[in-house]
Amino acid sequence: MTLTSLPVESIADTAFLTATYRALEGDRPDALFQDPYAQILAGDRGQKLVETMPGGATGASGCAVRTAVIDELILRTIQEAKIDTVISLGAGLDTRPYRLPLPSSLRWSEWDFPAVLDYKAEKLAGLTPRCVLEFMPLDVTDRATRQIVLQAIGKVAKQALILTEGLLIYLTTEQVAALATDLYAHAPFQWWLTDLASPHALHYFQNSINNTVNSSQATLQFAPEAGREFFESYGWRAVEWRSLLEEGQRLQREILPPSLLVQFQTPEVWAIWREMSSFVLLQRH
């Protein structure tokens, strides 16, 4: 089965949505970033998905903020921590190896379903990434295979950054715990950058998104009550945390509709929504 024949309810569709949202951001005069390859990857499929999603293109603002903040944290961590390897799990149709000013010696490993990576390789054929890019076609939840590949990378990497943008929310708590354990098993894996949803956000997203899909692949699941402290038990400490809502304000992007914003009349309500979706930089300890 090819990527373009996958059903709408497949988790792979999130890659098309993200690419489309990034293309829409690039069309703005005040764009937070430019992704010249996003529209190539999104195609008509991405546009059709945006048209069928609840709220349509309104999700573009949140995606733009997430992309811009994670771009910033990736580049800063690579420079300050002297990162030589980036492992992007569930990479989807991300084009950072092509568009970010990365060291040419950096090794960037993208993991995703074979159909996703084959599609991306075909669409971007002829383009030269700015670093050493490799595709790892596999299911990131296949623990046995994952451990083998992580062990191989761990033997050659010196300082590695793990990226799980848009991935963890689709995993179970047990799967995230296993992933955290497997990553911690290799000393070179020192940094881990991810986005994180709160239980409140999960309930909100489930009501607005899960009613439109039928596949267990696309079910939203991971939103720990402990928040970023969840990772402490597995050897990972949060060294930086940013709220999507606050970053949206900083970057002048409206994340939530005005009908919801009017509810933020008390510090208690604001605190709940502030934690709704966030970005966390974890460090091995």
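The tour goes from the whole chain to one residue and then to the nonpolar cores.

Begin with the whole protein chain, bearing in mind that this is a predicted model. Coloured by secondary structure, the chain shows eleven helices and seven strands, and of its 285 residues 53% count as buried. The chain exposes about 12900 Å², of which carbon and sulfur atoms supply 52%. If you display contacts between residues at least 6 apart in sequence, 80% of them join residues at least 24 apart.

Next, select Asp94, which sits in the loop between β1 (85-89) and α4 (96-99). Asp94 counts as buried because its relative accessible area is 4%, under the 20% cut-off. Its side chain makes a polar contact, at 3.3 Å, with the side chain of Arg96. Beyond the neighbours within four places in sequence, Asp94 is in contact with Arg22, Trp108, Glu110 and Lys120.

From there, move to the largest nonpolar core, which has 37 residues, and pick out Ile74, Ile83, Leu106, Trp108, Leu161 and Leu193, the members that touch the most others. The elements that each supply at least two residues of this core include α3 (59-80), β4 (160-164) and β5 (189-197), and the largest share, eight residues, comes from α3.

Now centre the view on Ile74, which, leaving out residues up to four places away in sequence, touches Arg96, Trp108, Leu161, Leu163 and Leu193. As a last stop, select Leu138, Ala180, Leu183 and Phe189, which are among the 30 residues of another core, lying apart from the largest one.

Terms used: Residues are numbered from 1 along each chain as its sequence is written. This is a predicted model: local features need pLDDT of at least 70, side-chain atom pairs count only at pLDDT 80 or more; totals for chains, interfaces and linings use all residues. Side-chain values use heavy atoms; hydrogens and water are left out. Helices (H or I, at least four residues) and strands (E, at least two) are DSSP runs, numbered from the N terminus. Buried means under 20% relative accessible area, exposed over 50%, partly exposed in between (1.4 Å probe, protein chains only). Contact means heavy atoms within 4.5 Å. Accessible areas come from the Shrake-Rupley method with a 1.4 Å probe; for residues, only the protein chains shown count as cover. A polar contact is a pair of N or O atoms within 3.5 Å; within protein, one must be able to donate a hydrogen and the other to accept it, and residues adjacent in sequence count only if both atoms are side-chain atoms. A nonpolar core is a set of buried Ala, Val, Leu, Ile, Met, Phe, Trp, Tyr and Cys residues joined through side-chain atoms within 4.5 Å.
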